[in-house]
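Subject: Structure handover

Hello,

Here is the structure for you to look through. My notes follow below.

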Amino acid sequence: MSSSTNSAAAGTSQEESFLPPSLPVPAADPASTSSSLGGGMTQAFRFSSGNPRIEETCGVMHLFPDDAVSSSSPDLPVGRQPLVCVFGVPDHMTYADFCQFCASFIHHILEMRIVRNDGMEDQYSILIRMDGQDTTDNFYLYFNGRRFNSLEVEACRIRFTVDIQYTGYKGSVEHPQTSPANISEQPSCPVCLERLDQDTSGILTTICNHSFHISCISKWSDSSCPVCRYCQQQPEKSICFVCQTSENLWMCVICGFVGCGRYKGGHATVHWKETQHCYSLELETQRVWDYAGDNYVHRLIQSKTDGKLVELNSHCIHSRDGCGSCKCADFGLNEALLSSKVEVIVKEYDDLLATQLENQKLYYETLLQEFEEETEREISEAVEMALATNSKVQKKQAKLDKCVKEKKFLEELNENLMANQEIWKAKLLEAEERERNALRAKNDKIQQLEEELKDLMGCLEEGNSN
């Protein structure tokens, strides 16, 4: 990696040790999304690292595009180096989690640097330099597209890196950045206090620009830095509870209500008028405002340089010139008077806060009592409704039992009728058979009588003729 010419003071020993083999540095716009570097087209991405409240290093990383294909290795770009960038690592993954994810290649990693990319919220990227090209290729082929774990949808996205240019540095005058020329000895790991030698152990540089041995930081299960406690997973931004704005916010120190200031929607002032909660904390400056006294009443503010709480107006206004040269002869008396005034103000503040808390306690106890009464009334109504429903269910059950008994009786009656039907069918067949036999006998007898009558008539006719 080559440093930018306009930011020579921004390089640290870790940044210089992250340099790959010599590459031509292009005179291209670092804000462009694509450029020509090393004889081919690359994609440029802005990145930054460091605690924004103290110091911040900015730069541009030049990466091979996704469609860069090599004839010898169909999945790998031509002209690649043992330097890759892992994109889109979710913030909830700690340094130890990522080291465990790539544990099979951890002993081949020389350096790892955590950076944040512009426009990528809740994610960070990792620049990795390994000990050989074959190991880097195997790392790319094994982890590219692999999910970080089976419970998440995020997958590991890896791009080969061509060059990294550091374009700027901004920080507090109280925390000047050390120039590489002023470093006389190799820095040490804050955990094990051993020298940071990449030849013996890999080096991991956190997002706040603190370097550790990879074996040491992999045992740190927290997402914050062991040195400055800067957390890579930033808390969610507060918003006004009424208008949802995120600018000029004030938080009530009594109940925690967050509202916008009078120059926005004025919902913090409306909250004070409705609840009489006098004290409100400005989230941006951490200052406390008293609505009743119409002034600030805080004693401590947060320093923007190192984030520590410092006392407000605790020193003499002439302290820069020395008390001997200023008119501070009664400095001890003034200090005593100031201390007594502070004690009175603190006592008054404590009394006011206790009164507000007591009023708030009574208010919430009243709400709790009303809620309990409402709950008891709803429970009694539910019990009455349940009893009425139970009575209806019992009546329906009785009707159902009666219908079941009638159905059973009708089924038995139907079975008996079916049995009787078979019997009567048999009797009917027997009666029909007897009737047919009787009719056949009757017809035979009639035929016999007719023959006898015919014979008798023939005899009578013969007798008459004689």
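Strand S10 (residues 249–252) runs antiparallel to S12, and three bridges join them. Strands here are DSSP E runs of at least two residues, helices are H or I runs of at least four, and both are numbered from the N terminus. Strands pair if DSSP finds at least two bridges between them. Cys 252 stands opposite Ser 280 in S12.

This is a predicted model: local features need pLDDT of at least 70, side-chain atom pairs need 80 or more, and totals for chains, interfaces and linings use all residues. Residues are numbered from 1 along each chain as its sequence is written, and side-chain values use heavy atoms, without hydrogens or water.

S12 also pairs with strand S13 (residues 287–290), antiparallel, over four bridges. Glu 282 has Arg 287 in S13 as its bridge partner. The hairpin of S12 and S13 has four residues between the strands, and Gln 286 takes a positive phi near 60 degrees there.

In a regular strand, side chains alternate between the two faces of the sheet. In S12 (residues 279–282), Tyr 279 and Leu 281 point one way, Ser 280 and Glu 282 the other. All are buried (under 20% relative accessible area, 1.4 Å probe, protein chains only; exposed is over 50%, partly exposed in between).

Now helix H6 (residues 331–465), where Leu 413 sits. Leu 413 is partly exposed, at 37% relative accessible area.

Finally, Phe 98: leaving aside neighbours within four places in sequence, its contacts (heavy atoms within 4.5 Å) include Val 86, Met 112 and Phe 148.

Best wishes
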